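Good morning, colleagues. I ask for your attention to the sequence and the structure on the screen.

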Amino acid sequence: MQSRFPIERKASIDQTILSPGTVSINVQGAFIDDELPSRPPTPSDDGAQHDTDIRLPNHKAVVSHVALDIGGSLAKLVYFSREPNSKELGGRLNFLKFETDRIDQCLDFVKGLQDDFRLQNGSRSEKMSIMATGGGAYKFYEDMKRILGIEVLREDEMDCLIMGLDFFITEIPREVFTYSDDNPMHFQDPRADIYPYLLVNIGSGVSMIKVSGRRQFERIGGTSLGGGTLWGLLSLLTGARTFDDMLRMAEVGDNGAVDMLVGDIYGADYSKIGLKSTTIASSFGKVFKMKRQGENQAEDHGGLSHESREDDNDASESQPTFKKEDISRSLLYAVSNNIGQIAYLQSEKHNLEDIYFGGSFIRGHRQTIQTLSYAINFWSKGEKKAYFLRHEGYLGSVGAFLKRQPKNWGRRNSFEEYPVTKPAMQQQEK
């Protein structure tokens, strides 16, 4: 049987999977692999978008499982591999994402991992397992079992989100950062004293979770206006086909061509209450006014006084046109500002100073990060901190991955109170 993976990728997954439930990840010396990315950041032929790996140079043991967090828009995959073409100790955590609408591509990729493992390990291949979380862990459960033919263990989504975030905060250097105009990525050192905090997880929708301690958390709110909202509206308004296309358009857009700004109303800053002239007073606030002006101009030229097709065409041509880039930027700001203000109100209500933003909506996009950070800083008058992560979209999948760990495995015993238990679905099926 011929492996369908390139030599480099095949080498990177050899010996990935052997015996479940016995590995202890050695995170000593862990670092994010910035200088030597092993894979392209753009979607490849297999449908995957490869994100930055985390190197684990001192990890010796093999790892027996992969983890998958399947949300409404994206499926996020995490797995461990040895260094390609190297006999040295160590390996890396690999991070990939697929569009959920193309879940078959994701499962094909996992099947490829399984096939390559079977070539290397023969009859031991049945010991491979998948730790799955998110709504898709239930929606696609039968598909995963049928296509992959291996054990699929489902884990609670909120549990995994918190476990993944705790891991990043406490164990991985140069992962968590704050934003300012002067220093867009001010990294925070890993630390153990992290509670309490608020997690704002922005996926298709938004969940806001108060975390008081290990395994002590509650969902205190959220909003349906999240990444799915932005994706859906922009696909209707701009014709963009991917979320990344929309973000690229937003980068070059001018929201001032669509939004009504404070400067449009006052002609300058409203310094008395701390509002700059560029502050958005009304999202899409100029659209109606400009369309009405266009209609009035059409009427003045007789464009709306006749019912002929020719006159209708003249009227439509006199209507103002809005660039899709400007629309993208305006809607991105609208959704991000809304999330930021709700997050502030929840943190104020529950007396939480540290606010962590996660989820695949952010994607390291500077405008999104800037907007969320500005909202928290503005409304709290600098009393609360907005934190971001470089692997913000993988909290759930990393948490599911860590569910296979024994107690006290981290440098800082970051999960000493997380018991190693059999997954709920496994207990039910027995």
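**From the surface to the cores**

Leu233, Leu236 and Leu237 make a nonpolar surface patch of about 310 Å². A patch here is made of residues with over 30% relative accessible area and no salt bridge, where like charges are joined within 9 Å and nonpolar side chains (Val, Leu, Ile, Met, Phe, Trp, Tyr) within 5 Å. A salt bridge is a side-chain nitrogen of Lys or Arg within 4 Å of a carboxyl oxygen of Asp or Glu. Accessible areas come from the Shrake-Rupley method with a 1.4 Å probe, and for residues only the protein chains shown count as cover.

This is a predicted model, in which local features need pLDDT of at least 70 and side-chain atom pairs count only at pLDDT 80 or more, whereas totals for chains, interfaces and linings use all residues. Residues are numbered from 1 along each chain as its sequence is written, and side-chain values use heavy atoms, with hydrogens and water left out.

Leu233 belongs to helix H6, residues 227-238. Helices (H or I, at least four residues) and strands (E, at least two) are DSSP runs, numbered from the N terminus.

Of its 430 residues, 51% are buried. The chain exposes about 20500 Å², of which carbon and sulfur atoms supply 47%.

A nonpolar core is a set of buried Ala, Val, Leu, Ile, Met, Phe, Trp, Tyr and Cys residues joined through side-chain atoms within 4.5 Å. Which residues touch the most other members of the largest nonpolar core? They are Phe168, Tyr197 and Phe401, in a core of 38 residues. Among the elements that each supply at least two residues of this core are strand E2 (49-56), helix H5 (157-171) and helix H13 (395-402). H5 gives the most, with eight residues. Apart from this core lies another, of 34 residues, including Trp231 and Leu331.

Phe401 touches, among others, Ile25, His65, Phe80 and Leu93, not counting residues up to four places away in sequence; contact means heavy atoms within 4.5 Å. Phe401 is also one of the buried residues of H13, a helix that is mostly covered, with eight of its eight residues buried.

Next, a covered strand. In E6, residues 129-133, five of five residues are buried. Ser129, Met131 and Thr133 point one way from E6, and Ile130 and Ala132 the other way. Two strands pair if DSSP finds at least two bridges between them. Strand E3, residues 65-70, runs parallel to E6 and is joined to E6 by five bridges, with His65 opposite Ser129. E6 also pairs in the parallel sense with strand E7, residues 151-154, over four bridges; there, Ile130 has Val152 as its bridge partner.

Finally, a glycine. Gly90 is in the loop between E4 and E5. Gly90 counts as buried because its relative accessibility is 0%. Its C-alpha atom is separated by 4.7 Å from that of His59, 31 residues apart along the chain. Gly90 also touches residues including Leu56, Pro57, Arg82 and Glu83.

Definitions and conventions
Buried means under 20% relative accessible area, exposed over 50%, partly exposed in between (1.4 Å probe, protein chains only).
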